[in-house]
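Dear colleague,

Please find the structure below, with the sequence alongside it. My notes on the findings follow directly after it.

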Amino acid sequence: MNTPNIVFIMSDDHACNAISCYNGMINKTPNIDRIAEEGLRLDNCLCTNSICTPSRAVILTGLHSHKNGVYTLADRFDSSKDSFVKQLKNTGYQTAMIGKWHLGHSENSLPQGFDYWSILPGQGLYHNPEFIEVDGRKTVEGYVTDIITDKAINWLDSIDTNLPFYLSVHHKAPHRPWIPDEKHKHMYDDIDIPEPENFNDDYSNRSEAARNAKMRIEQDMNALDLKVQLKEGYGPYDSFPIPENLHGYEFITNEGETVAFKTKAELKSWKYQRYIKEYLRCIASIDDNVGRLYEYLNGKGILDNTLFIYTSDQGFFLGEHGWYDKRFMYEESLKMPFVARYPKKIPVGSVCDHIITNLDFAPTFLDFAGVSIPSYMQGKSAVHLFEGFNDAIWQDSMYYRYWMHLTEHNVPAHYGIRTKRYKLIYYYGKPLGKSGCVDRETNPEWELFDLEKDPMEMNNVYFDTHYQEIVKQLKEELEKLKLEAQDFE
Ligand code: CA
C-alpha cells in the first residue's frame, strides 16, 4: 500500500523552547524527540497569524486568514468551505477529528468532512471535560490529554486499517490556565527552571507595541494562572490581575502554603516558576500520550505506513521578554514546532530549515496522499523538502498578519515579512472593522530585527543608518508578498 495514513497531533500553545529536540533546555520530551530522530524536524516552521482559531482555519484550508474568513478569535469558521480533509475523504480516506476544534460550534461551524468527530466546546476543560459529538454533549471523566488519546485509539480500533485514514488529534494542553494531571502534579517540585536570558527585558529599544503589551509575567497574570487563593474584596479570578506593586504582599497558594516577597524581582521569579512548571507538567502528559499513540500504531503494524506528525497551532512566550502568550510576530510566538515521521519518504534524523508555514500543511498532506492540490490553496507542497531534496527556488520569506487589534493582551494589529536573517514588522495600529478588535487606533510604527546579530530581538534597527538599504529591499518584498497573498487591506 503506497497511500499513507496521516496522524496529525496538534497541541495548543506548545513552544519549541519546551521541546528537547529543539534544544529546549528546560524539559525532556522523549516521545516527541523520537519522531524527529526517526524522521524530520522543521526548524523554520512559521505561523502566518499566531493565534489559536485563525491558525486552525489556515491549516484546514491552505488559505490566509483574509481568505478563509477567520481573522481573529471572535470569528467562526464556515465549515461548508473546502478543506484538505474533505479532499482526503473524497478520495476514500476514513477521517476523524478528536479534541480541540476551536473553530466554533454553532451548526455551520461544526466539523465537516470527518466521518467521526468528538470535540471540546470552545477551550474545553482539563478535568472531566465535556465533548460535543454528532448526537449531543457527553462528559467524560478523567484528564483531557489522556481522554483525547483514548478516543483516538478507540476510533482507530473501529476502522478498516487496510484503507487509508486521516486522524486529527488536537490537544487542549498546554493552553492557559495550565492545569496538570495527578501523575505530573509534583514534577519539578524540587528544582528551579532556568529563566530565559531576556527575562528582564525593559523594552527600551523596541516599539511602543512591545512596551504596552499586557502579557508580562510580572504584572498581568491572574490568580487562576498562579494558582493562588483569592482574598476578600477581589472580583472573580479571571478579572483579577494581581497588582504590580506587591512588596511584602502575602499569598496563600492553592496548596495552602503562605508565601511572602520582599522585592519585585523575587516575586516575578516566583511567578515564573509557578507558571512554567505547570506548563511543563501539561507537556509531560502530552509527550506520554504521543508515545501511547506511537506504540499503538506500532503494535498494529501500521506505524511505518503512517505520516506521523506532532505540531502546535503556534508558539508561545516562556518568559522571553518577560512574557507569556503569543500574537506577536516575534520568534517564540511565530515559530511552530513540527516533527514528522514516515520512513518510506522521510530520511531518518533529517532537519529542514527552509521557511515552511502552516499555509503549506494542507497542500503538503494532499501531496503525500497523492491527491491533487486545489488551485485556490495559497500554500505549496513541501513533500520534496520533507524527502530531503534541496530547492533553490523555494520561498525564502513569509508574510505574517495579526489582525486582533489590542484585545485582551493589548497587542496592536501588525503585518510583516520574515526572511532567514531579517524580520520587518509594521504595526499599522487600526482595527479595520474586524470583529473582536478594540475600536481605537494606535501610533503606526516599524521594527526591523537582524536575527543573525540579535536572535532574541532586543534591538530594533529600523532607524539605524547601516540598515536603510535592507529596509528598502524588505519593504519592496513585503509589498510583493502582500500582493501575492491578495491581501489588499
Ligand atoms: Ca493556541
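Between domain 1 and domain 2, about 1200 Å² is buried, and carbon and sulfur atoms give 63% of that area. Buried area here is the accessible area (1.4 Å probe) that two parts lose on being put together, summed over both. Domain 1 comprises 5-181 + 280-398, and domain 2 comprises 208-272; these bounds come from an automatic or database domain assignment. Their C-alpha centres lie 33 Å apart, and the contact (heavy atoms within 4.5 Å) takes 15 residues from domain 1 and 14 residues from domain 2.

Please note that this is a predicted model, in which local features need pLDDT of at least 70 and side-chain atom pairs count only at pLDDT 80 or more, while totals for chains, interfaces and linings use all residues. Residues are numbered from 1 along each chain as its sequence is written, and side-chain values use heavy atoms, with hydrogens and water left out.

The calcium site

The calcium ion is coordinated at 2.1 to 2.7 Å by Asp12 (OD), Asp13 (OD), Cys52 (SG), Asp313 (OD), Asp313 (OD) and Gln314 (OE1). Donors are N, O and S atoms within 2.8 Å of the metal (3.2 Å for Na, K and Ca); water is not among the atoms, so sites may look incomplete. Along the chain, the donors of the calcium ion follow the spacing D-D-x38-C-x260-D-Q. Asp12 lies in the loop between strand S1 (5-11) and helix H1 (30-37), and Cys52 lies in helix H2 (residues 52-61), so this pair ties together parts that are 40 residues apart in sequence. Helices (H or I, at least four residues) and strands (E, at least two) are DSSP runs, numbered from the N terminus.

Asp12 is buried at 0% relative accessibility, and Cys52 is buried at 2%. Buried means under 20% relative accessible area, exposed over 50%, and partly exposed in between (1.4 Å probe, protein chains only). Asp13, in the loop between S1 and H1, is also buried, with a relative accessible area of 1%. Asp13 has a positive phi of about 80° although it is not a glycine.

Helix H1 and Ile35

Six of the eight residues of H1 are buried, so this helix is largely enclosed by the rest of the structure. What covers these buried residues includes strand S2 (40-42), helix H8 (264-299), strand S11 (306-312) and strand S12 (338-341). Ile35, in helix H1, has a relative accessible area of 0% and is buried. Not counting residues up to four places away in sequence, Ile35 touches Leu40, Val290, Phe308, Tyr310, Val339, Ala340 and Arg341.

Cysteines and backbone

The structure holds zero disulfides, a disulfide being a pair of cysteine sulfur atoms within 2.5 Å. For Cys21, the closest cysteine sulfur is in Cys16 at 8.4 Å, too far for a bond. Cys21 is buried, with a relative accessible area of 12%.

Two peptide bonds deserve mention. The bond from Ala173 to Pro174 is cis, with omega near -5°, and the bond from Arg176 to Pro177 is cis, with omega near 10°. Gln486, in the segment after helix H12 (468-484), has a positive phi near 55° and is partly exposed at 40% relative accessibility.

With kind regards
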